[in-house]
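Here are my notes on this model, as numbered points to read beside the coordinates.

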Amino acid sequence: MAHDLFGTFTCPLDEKYRAVLPAKMRDVVTQDQLRAGFWITRGFEGCLMMFLNEDWQRLTRKVELLPFTNDEVRTFKRFFLTPALPVSCDRVGRLGISDSHRAMAGIDRELIWNGGGTYIEIWAPDRWEKFCREKLPEFERVAAKHLDGLFTGLSIVEEKDGGGGAGVGKVDQV
């Protein structure tokens with residue numbers, strides 16, 4: 001289920017290691033979803049991942065269907081499911097970040113929320129900057145490799161300017 005959890009936001013942690021979930025992220029989910037809370041677990045490339053409770057429940061049901069007899073599946077479950085902890089948003093939008101999660105992600109007194117659409121990544125600022133420096137040069141190559149055909153079903157419609165030339169193209173859904 002898409003939640004439109006997008007954007008990058010820097011946030012300080014308070015003395016109790018709580019961080020305010022940005023209003024732009026809180027506003028795209030329902031009050032019931034906020035009350036149900038989130039799950040935080042180990043992410044990839046050194047970040048944490050945070051899922052709405054309902055999405056976490058759907059995801060873990062799928063993960064549990066993977067064969068426990070496979071050693072790669074067991075390893076994945078150990079690193080992804082074992083550190084998972086539920087968190088709830090207080091009335092002002094703060095979420096506590098556990099000691100183990102802060103240590104896992106290298107978070108000290110500040111973090112970065114990165115919206116991934118249906119989940120949120122939580123990064124230590126220095127790790128996020130390092131990741132961007134290392135991976136940004138690969139962006140176009142990776143996009144070409146993995147997004148080829150993604151825009152099938154969309155057409156680019158040319159608008160003509162007053163002088164008969166091609167104007168600005170716009171994307172229309174077919």
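1. Let me begin with a charged pair: the side chains of Asp90 and Arg94 meet in a salt bridge, at 2.6 Å from N to O. By salt bridge I mean a side-chain nitrogen of Lys or Arg within 4 Å of a carboxyl oxygen of Asp or Glu. Asp90 is partly exposed, with a relative accessible area of 26%, and Arg94 is partly exposed, with a relative accessible area of 26%. Buried means under 20% relative accessible area, exposed over 50%, and partly exposed in between (1.4 Å probe, protein chains only).

2. A word on the basis of these notes: this is a predicted model, in which local features need pLDDT of at least 70 and side-chain atom pairs count only at pLDDT 80 or more, while totals for chains, interfaces and linings use all residues. Residues are numbered from 1 along each chain as its sequence is written, and side-chain values use heavy atoms, with hydrogens and water left out.

3. Now the overall picture. The protein has seven helices and ten strands; helices (H or I, at least four residues) and strands (E, at least two) are DSSP runs, numbered from the N terminus. Of the 174 residues in the protein, 32% are buried. Among contacts with a separation of 6 or more, residues 24 or more positions apart account for 55%, where contact means heavy atoms within 4.5 Å. The protein exposes about 11,200 Å², and carbon and sulfur atoms supply 56% of it; accessible areas come from the Shrake-Rupley method with a 1.4 Å probe, and for residues only the protein chains shown count as cover.

4. Back to the charges, with ten salt bridges in the structure. The side chains of Glu64 and Lys77 form one at 3.7 Å, N to O. Glu64 lies in helix H3 (residues 53-64) and Lys77 in helix H4, so this pair ties together parts that are 13 residues apart in sequence. Glu64 is partly exposed at 48% relative accessibility, whereas Lys77 is buried, with a relative accessible area of 14%.

5. Helix H6 (residues 125-135) holds both Lys130 and Glu134, four residues apart, about one turn of the helix. Their side chains meet in a salt bridge at 2.9 Å, N to O. Lys130 counts as partly exposed at 44% relative accessibility, and Glu134 counts as partly exposed at 43%. Glu54, Asp55 and Arg58, for their part, are linked in a network of salt bridges.

6. Please do look at strand S8 (residues 120-123). Ile120 and Ile122 point one way from S8, Glu121 and Trp123 point the other way, and all are buried. S8 pairs in the antiparallel sense with strand S4 (residues 48-52) over three bridges, and with strand S7 (residues 110-115) over four bridges, also antiparallel. Two strands pair if DSSP finds at least two bridges between them. The bridge partner of Leu48 in S8 is Ile122, and that of Gly115 is Ile120. S7 and S8 form a hairpin with four residues between them, and Gly117 in the turn has a positive phi of about 90°.

7. Which residues have the most contacts inside the largest nonpolar core? They are Leu21, Phe38, Met50, Leu111, Trp113 and Ile122, in a core of 24 residues. Strands S3 (38-42), S4, S7 and S8 are the elements that give two or more residues to this core, and S4 gives the most, with three residues. Apart from it lies another core, of eight residues, among them Met49, Phe51, Trp56 and Phe80. A nonpolar core is a set of buried Ala, Val, Leu, Ile, Met, Phe, Trp, Tyr and Cys residues joined through side-chain atoms within 4.5 Å.

8. Two residues deserve a look for their contacts. Leaving aside neighbours within four places in sequence, Ile122 is in contact with residues including Ile40, Cys47, Leu48, Met50 and Trp113. His101 is found in helix H5 (residues 99-105) and counts as buried at 1% relative accessibility. With neighbours within four places in sequence again left aside, His101 is in contact with Ile40, Thr41, Leu48, Pro83 and Leu85.
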